Amino acid sequence: MKNLTALVLTYNEEDNIADCLDSINWIERVVVIDSYSDDRTEKICQQYDKVDFYENEFNDFASQRNFGLDKIETEWVFVIDADERVTEELRDEIKDVLNKPEVEGYEISRKNYFLGKWIKYCGWYPDYTLRLFRSKYKYKGLVHESPQINGRIDRLKNDFIHYTYKDLESYVSKMNQYTTLDAEKKYSAGKTVGISYILSRPFLEFVKKYILKRGFLLGSQGLILSILSAYYQFLKSVKLWELNKFGDGNL
């Protein structure tokens, strides 16, 4: 795959990075952008001849990925996270479509695993994300960043395997981070929220995830995830309410 480079962002990924890199060993060059890990991430990466390891201070995901894109010389880039794995089927499909690419990028769905189970419901599957595209494009967005593609985008048939949050503690930590970013973004855009919305939005989210998106079919995991999703919506709303009421002096 001489026209393809992989891009991986890392921060304290010693438990994940080796399996990730092994799953993309068919790609000739891998660019790893690390946010100054203090575990064995760098040491593990240096064991792979194909890996070019860079450190860069993390500000947001878009700027971090764009820093990595600036290091890429091939026409195409394949973006993969440390907790994701490429199956043999996805590998073969990527090789096939890049033989004669007719589009600007490809979305790939992820099979997300959480609390020991593939989360097929709760709106978590199919989870399409734009990860294979021409490297000339750059990312934009504070929350849920995405490359700004000018042209046609197709979808691949095969999935990533995504070993998402390793436990509830990591899920809640990320939830706190993302809800803060979302509230700041909406506050900067002049958006407001009322108490009625703060109360109703989490309830509607639970109904959506657990009933409409069939989270009940996942057993305990579906119930837990639906409750957490409702709490996520509550945090986003109440953090925006806090900013509107008291300003951003505490940011």
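Modeller: Let us begin with strand pairing. Strand 2 and strand 3 (residues 51-55) run parallel and are joined by 5 bridges; two strands pair if DSSP finds at least two bridges between them. Helices (H or I, at least four residues) and strands (E, at least two) are DSSP runs, numbered from the N terminus. This is a predicted model, in which local features need pLDDT of at least 70, side-chain atom pairs count only at pLDDT 80 or more, and totals for chains, interfaces and linings use all residues. Residues are numbered from 1 along each chain as its sequence is written, and side-chain values use heavy atoms, with hydrogens and water left out.

Colleague: Which residue in strand 3 is the bridge partner of Val32?

Modeller: Strand 2 and strand 3 are joined by bridges. In strand 3, the partner of Val32 is Phe53.

Colleague: How many bridges join strand 1 to strand 2?

Modeller: Strand 1 (residues 4-10) runs parallel to strand 2, and Thr10 stands opposite Asp34 in strand 2. The chain passes from strand 1 through helix 1 (residues 17-23) to strand 2 in a right-handed β-α-β crossover; right-handed here means that, with the strands pointing away from the viewer, the path from the first strand over the helix to the second runs clockwise. The number of bridges joining strand 1 to strand 2 is 6.

Colleague: Why is strand 2 described as largely enclosed by the rest of the structure?

Modeller: A residue is buried at under 20% relative accessible area, exposed at over 50%, and partly exposed in between (1.4 Å probe, protein chains only). Strand 2 (residues 29-34) is largely enclosed because its buried residues number 5 of the 6.

Colleague: Is Val51 buried or exposed?

Modeller: Val51 lies in strand 3. Leaving aside neighbours within four places in sequence, Val51 is in contact (heavy atoms within 4.5 Å) with Leu21, Val30, Val32 and Cys45. With a relative accessible area of 12%, Val51 is buried.

Colleague: How many residues of helix 3 are buried?

Modeller: Helix 3 (residues 61-69) is mostly covered. Its buried residues include Phe61, Ala62 and Leu69, and what covers the buried residues includes strand 1, strand 2 and helix 5. The count of buried residues in helix 3 is 7 of 9.

Colleague: At what angle do the axes of helix 5 and helix 7 cross?

Modeller: Axes are lines fitted to C-alpha atoms, for helices over the stretch in contact, and angles run from 0 to 180 degrees between N-to-C directions. The axes of helix 5 (residues 168-188) and helix 7 (residues 220-246) come within 8 Å, and their crossing angle is roughly 35 degrees.
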